[in-house]
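This briefing is for a reader meeting the structure for the first time. Please have the sequence and the model in view while going through the points below.

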There are 2 protein chains.
Amino acid sequence: MQPPLRVGIAGLGTVGAAVLDILSRRAAQVAGRAGRPVVVTAVSARDRTRDRGRDLSAYRWFDDPAALAVSDEIDCLVELIGGEEGPARAAVEAALGAGKHVVTANKALLAKHGLALAAAAEAKGRALAFEASSAGGIPIVKTLRESLAGNGIARIYGILNGTCNYILSRMEQEGSSFAECLAAAQQLGYAEADPTFDVEGYDTAHKLAILTSLAFGSAIDSEAIYVEGISSITPLDLRMADELGFRIKLLGVAERVGDAGIEQRVHPTMVHKTSPVAQVMGVTNAVTVDADAVGELTLVGPGAGGSATASAVVSDIADVAAGTFGAPFGRPVAGLERAERAPMQRHKGGYYVRVTVHDRPGVAAGVASRMAEADISLESILQKRPPGADRDKLGRSGEPVPIVLITYEATEAAIRQALGEMAADGLLAEPPQVIRIERD
Amino acid sequence: MQPPLRVGIAGLGTVGAAVLDILSRRAAQVAGRAGRPVVVTAVSARDRTRDRGRDLSAYRWFDDPAALAVSDEIDCLVELIGGEEGPARAAVEAALGAGKHVVTANKALLAKHGLALAAAAEAKGRALAFEASSAGGIPIVKTLRESLAGNGIARIYGILNGTCNYILSRMEQEGSSFAECLAAAQQLGYAEADPTFDVEGYDTAHKLAILTSLAFGSAIDSEAIYVEGISSITPLDLRMADELGFRIKLLGVAERVGDAGIEQRVHPTMVHKTSPVAQVMGVTNAVTVDADAVGELTLVGPGAGGSATASAVVSDIADVAAGTFGAPFGRPVAGLERAERAPMQRHKGGYYVRVTVHDRPGVAAGVASRMAEADISLESILQKRPPGADRDKLGRSGEPVPIVLITYEATEAAIRQALGEMAADGLLAEPPQVIRIERD
């Protein structure tokens, strides 16, 4: 058997601790798989004095992760610090510069500096492995990079943020508000004290940027992603979705749109209740790939959590130890396509549009005719009058009432134009709600 | 760039033709992924004169696949002939003996001779790759072998046969009989003229044997699999399942049961409607893995079809070309555990038991007391009297009526004992139906 792969772990939070556990508990299994033992020789974390409930005396301690990264005692740096700059970036760059392999779970770092880091790894013939960076324990990176090697991919979409899916699932099941369900998620440890990064879609966008590159062989382009979060979703939208046969999910979607380039978007999405991603409730993640040879493939599993993320980290470490790794993005960085960004205004799809109008004569007709003028065909219109309001003899109360429109395929630009006209007409009592419908 | 990997394809049916198509259409992509081109240099099939709608003149033709296998013109044999013996086995053995890599979709060959073939590949340091052998386009082999390298696996179960899932889905949706739905599947090309291999569970068993070995690190043991098909399932069972919150799926299940060893079984199964595999309708396949680090992971996709199967074959070829392959079963054959076979009589789980009794006084009591005597606790009892029969003043017709029992956890032995006693008591008008319930 070959000499062991010597691993240094930078960052000893829940994921780092779980990686230590797995490498100890499954040492023989990992060695069998890799053809050589994997041993942790050194660790680094912010505070050496903190009680982590485990004996770390067998590992050499580094206060500075960049010093760990270039240590003669490691062959492979496992970066679990997080953050797109600072110590994480410094450690990964130092490790690659020193000819070490790198395994990382850091989606922010990859979304911003992934191409430069991949080029550095390639130049040294070393691994830059990041299965844990997207969708946690779901092996979507390996699936895209290796299992779909012979496929052209038309679209990839998924639930990539467990916090948002938990909140939306709970809103749907309980009929309660975003704020209430966010608070519940925070109490359960599913959402951070400052939830912005998750609920406004940025976390999903980082992951999507990485998956897009793997799926389409395109250079990572986080800036090209349209991002919209879930904080505007109301219980009424979820009720309407249910009546119309949909669920609302925060999806990351990347799609090749004809000659226009690649569309990357993160936003709340209406998905048919029968679609695989619609079945996924709670903190679970799911990714669906539309590929020309295999057809539709869906992977469902835990997207976060120390142990599930560590599972992905360990699979990368085993690949490094076995020497069975290739180019980080499945092909040389120089061969990645600089894809055109397909602008959101040209996005085409069905739309759920909820306008709140004053319940007056001619309002529904005004809404419908503005849609028609923008060449938008309507699949259905639902008007729900609030119960209990005083009404005139035609049943109209003068109060704000919601009208929900489901459109056939239309462009984003047409929808925005029609809504602009309605606002100019004074038809809208409140800002409109627009939720894109994702086809199965 | 390195010299090309030269591939010889034995078997030019729908899968072989699709492999040729993909390797030609995605040549640049596969070369980018593998770091070297992949070229098909030679082919073999039974009938050279058959019009395959494509120009094969660029490939050297072999009438004998075993001659192709040892040809100096190939580095890698792709075996798509099928069958556990005969030309497929001869060609694969010849190729490995000659130091060629082998990629195969042949589940029957692997289920029977997989260990010997893997040992031969290991001895020569060559690949034996078989992603396409189980669940078609779903990358479950790579997931088990590589992505779950750090996981202990408690259970793997799945829908591994599209024909059976199509028939059961259609029976459920239409309320029609097994025979009617089988005929429909045959007309659509989803079932063979002789459907025995699919509908009696043998195809699922072959795939399960392979997945069990990968999941548990155990030596393949097809003989240890309990196998039961779907031909006994009636529309009444599907209706009852629906009422009780279940669907019926033909599952392959492998599970480590304490110290008793590994239980491998293929049989119609009651799954809760909310479970991921219950969502999977039609010819689609799905596999769920319960693993200690990652938790529950489910992969859903096409389990058959030329193009989807070829997608898996091409991913294996790309791994071979890139040199990123390891031991066929994820660890050396010598390291595979000889697992105990957990006998079916000791299987523990919930059961759906449908007995057909003569509608006479005391019959339900007799059934219930026989269950109680065997220490089986009942979760529910459903008795459906057929409409329209003549009845006495207590509503009993004397006609055969079904009683459905759902049990809490019980052993197979206890269930069989109770049913034996009921038969001896003369309570049963027809043979009983027993369907095991699989927990989520």
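In this predicted model, strand E9 (residues 246-256) of chain B and strand E10(B) form a hairpin with five residues between them, and Gly258(B), which lies in the turn, has a positive phi of about 50 degrees.

**Strand E10 of chain B and its partners**

- Ten of the eleven residues of E10(B), which covers residues 262-272, are buried, so this strand is largely enclosed by the rest of the structure.
- E9(B) pairs with E10(B) in the antiparallel sense over eleven bridges, and within this pairing Ala254(B) has Gln264(B) as its bridge partner.
- Strand E8 (residues 226-227) of chain B pairs with E10(B) in the parallel sense over two bridges, with Val227(B) standing opposite Val266(B).
- Strand E17 (residues 433-438) of chain B also runs parallel to E10(B) and is joined to it by three bridges, where Met270(B) stands opposite Ile437(B).

**Where chain B meets chain A**

- In the contact between the two chains, 45 residues of chain B touch 45 residues of chain A.
- Helices H2 (27-34), H6 (140-147) and H12 (306-322) and strand E12 (295-302) of chain B each give two or more residues to this side, and H12(B) gives the most, with nine residues.
- The residues on this side of chain B divide into 19 nonpolar, 19 polar and seven charged.
- Strand E12 (residues 295-302) of chain A pairs with E12(B) in the antiparallel sense over three bridges, and Leu299(A) stands opposite Leu299(B).

Technical notes. Residues are numbered from 1 along each chain as its sequence is written. Chains are lettered from A and ligands numbered from 1 in the order in which they are written. This is a predicted model: local features need pLDDT of at least 70, side-chain atom pairs count only at pLDDT 80 or more; totals for chains, interfaces and linings use all residues. A residue is buried if 20 or more other C-beta atoms lie within 10 Å of its own, exposed if 12 or fewer, and partly exposed in between; C-beta atoms are placed from the backbone. Helices (H or I, at least four residues) and strands (E, at least two) are DSSP runs, numbered from the N terminus. Two strands pair if DSSP finds at least two bridges between them. Two residues are in contact if their C-beta atoms, placed from the backbone, lie within 7 Å. Ala, Val, Leu, Ile, Met, Phe, Trp, Tyr, Cys and Pro count as nonpolar, Asp, Glu, Lys and Arg as charged, and the others, Gly among them, as polar.
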